[in-house]
Amino acid sequence: MRKYLLPSLIAITSVLLLVRLFYLQIVDEDYKLKSENNAIKIAYEYPERGYVYDRNNKLLIANQPSYDLMVIPNEVKDIDVMEFCKLVDISKEEYDKILKKAINHSRRLPSPFLTQLNRKDFAAFQEKIGKYKGFEIQKRNLRDYQVAVGANVFGYITQVNQAIIDNNPYYKSGDLIGKQGIEQEYEEVLRGQKGVKYYQRDKFNRIIGSYKNGIYDTIAKQGQDITITLDIDLQKYGEELMVNKRGGIVAIEPKTGEILALISAPTYDPALLVGRQRSKNYTALYNDSIAKPLFDRGLLAEYPPGSPFKILTALVGLQEEVIDEQTSFVCRHGFAYGNRFMKCHDSGTFSLNNGIYSSCNTYFANTYKKTIEKYPKPAYGVDAWSNHLKSFGLGDFMGYDLPPGKRGKVPTTKLYNKYYSAGGWRSTTIISNAIGQGEVLTTPIQLCNVMAAVANHGHYYTPHIIKKIKDSTIDPKFTTKHETTIDKQYFQPVINGLHDVYNMGTASRLQVEGIEICGKTGTAENFTKIDGKRVQLTDHSIFVAFAPKDNPKIAIAVFVENGYWGARIAGPIASLMIEKYLKGKITRTDLETRMFATSLESEYAKVLSGQPFIINK
């Protein structure tokens, strides 16, 4: 047997090698192209990215031609480097640095030398390109923004880095890719499919024609157009209202979950991140560590929700049957617990309706206390309360079609057992949760989604920015209804209270004629660390609302950092945004004039100047 073993192994190995050789030479044409790469020039044709339209079919993003100067290091020979540098306006040191980087990437393959040349630069170089062997022009398309707003929603396009190239074979050096916003989320839809052409070279490296008559060439396929849910006029108006302020505004259509406006302030013109100045402009925006224009406050900023959270305190209390519409509590300018006292700006007897429209801290502290103490142990009560909140989308990523934001925070038993010894805490230990302070944190989009769920009497749709993709369908998760744990019957009395916030409560001066608005003012304490010390800053101004009361068309959340209190800045902005969307014009010109004139830059400067902050007592 042994004498047959070695010949058999040799025979089997020979057959395998022959099969593999046949496959590589006859079957696998892709391998043939690669193996003959020295004799083949590969040229890519880049398609236009898909256009972007708003919900009213207004063109937001188109394309403009751009030209990249590419270099193939092995082919750079006998050129006047100083003349070349003068032509493209770079120094000899820059030339050497860029060429070295290209050599490190590949001596045989093209690498970007200078990107995003404008038409003037391209024309100047095109006239003399024959003098500079190893350099060639690659035509691409850059974004052409039709509006100067919405930068945080749109995102931008930039060159791929090596990590992207290594992880995705579609991309080559110099390719562009979407970053942030819809450009990133819908990259594969918008980018299209690049085409490729193969050219045969002769022994002198000259192109002599198409490789095999172009049978392997492919045609570039343009990216798909998309329609997004934004109302660009509303977006523009919101950004104008937030000039010289910091914060976020989110507006959602309750019946669909479509995002009508997503505003982060301060912001920037998206055109700043297009062209040869893109890198310089991006660096300036990135290094602004105080105003943080690249930080999308609508998705990423986590704030204490303040008094708008009382809406959920009431709904959970009703669902847990620890209160009803008639349950009342006496308020004597605050809620006493142990040796501590939670202040309230009002006094008297409060039930659900006037508790909401007067924003009585005592009423909601008692409701929260009764909710937690309904159960034999505080731990059970907190977990029941927490589960109700999570059913509104709080405490987790929401699944929207933009780069992920933040979870926010919904405290649980696990959190309190970590902070306190087991059994060392009770309802009054964590009573601040009742009024949206405590350990609760929400993002503006989460709080807006809560208002959409309230407007819908207990359900919501995942907030999303995509409305339509040409020749395709949107993800079905955006049309899936999510039910909260609160029974439908409990929403109407809360909605009535929110309506009375405008009729006779804390937003009575913010009414808009002809529109029945339901809303809630909010003021949230604001702390930061300065020189290692915890310092209380001027309070945040918060407002949430939806309108009209019946058949709501818009839900909105407004956060204004250091904005004093809810009805001062966030409330007027919410009323104006609602009127703008529903009427298309503004009748509350008094509010509009005041908001346009309001600047909080002096408040923000106090962090550096050391001037005292305004603390609401």
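**Entry 1: L294**

I looked up L294 first. In this predicted model, L294 sits in the loop that runs between α11 (278-286) and α12 (297-300). I then asked how open the residue is. L294 has a relative accessible area of 30%, so I noted L294 as partly exposed.

Next I listed what L294 touches. Leaving out residues up to four places away in sequence, I found Y268, Y282, L285 and Y286. I also checked L294 against G155. The two residues are 139 residues apart along the chain, yet I get 9.8 Å between their C-alpha atoms.

**Entry 2: T413**

I moved on to helix α17, which covers residues 413-419. T413 belongs to this helix. Is T413 buried or exposed? I have T413 at 9% relative accessibility, so T413 counts as buried.

I wanted a partner for the side chain of T413. I found a polar contact at 3.0 Å with the side chain of D383. D383 also turns up in my contact list for T413, along with A379, V382 and W425. That list skips residues up to four places away in sequence.

I turned to a pair of helices. Two packed helices are described by the angle between their axes and the distance between those axes. I looked up both values.

The helices are α10 (residues 232-241) and α21 (residues 589-597). I have their axes coming within 8 Å and crossing at roughly 60 degrees.

Which residues meet here? From α10 I wrote down Y237, E240 and L241. From α21 I wrote down E592, M595 and F596. I sorted the residues of this contact by type: four are nonpolar, two are charged and none is polar.

**Entry 3: cysteines**

How many does the structure hold? I found zero.

The cut-off for a disulfide is 2.5 Å between the sulfur atoms. Starting from C518, I reach C448 as the closest partner, again at 14 Å and again too far for a bond.

I also looked up accessibility for both cysteines. C448 is buried, with a relative accessible area of 0%. C518 is buried too, and its relative accessible area is 0%.

Definitions and conventions: Residues are numbered from 1 along each chain as its sequence is written. This is a predicted model: local features need pLDDT of at least 70, side-chain atom pairs count only at pLDDT 80 or more; totals for chains, interfaces and linings use all residues. Side-chain values use heavy atoms; hydrogens and water are left out. Buried means under 20% relative accessible area, exposed over 50%, partly exposed in between (1.4 Å probe, protein chains only). Axes are lines fitted to C-alpha atoms, for helices over the stretch in contact, and angles run from 0 to 180 degrees between N-to-C directions. Helices (H or I, at least four residues) and strands (E, at least two) are DSSP runs, numbered from the N terminus. Contact means heavy atoms within 4.5 Å. Ala, Val, Leu, Ile, Met, Phe, Trp, Tyr, Cys and Pro count as nonpolar, Asp, Glu, Lys and Arg as charged, and the others, Gly among them, as polar. A polar contact is a pair of N or O atoms within 3.5 Å; within protein, one must be able to donate a hydrogen and the other to accept it, and residues adjacent in sequence count only if both atoms are side-chain atoms.
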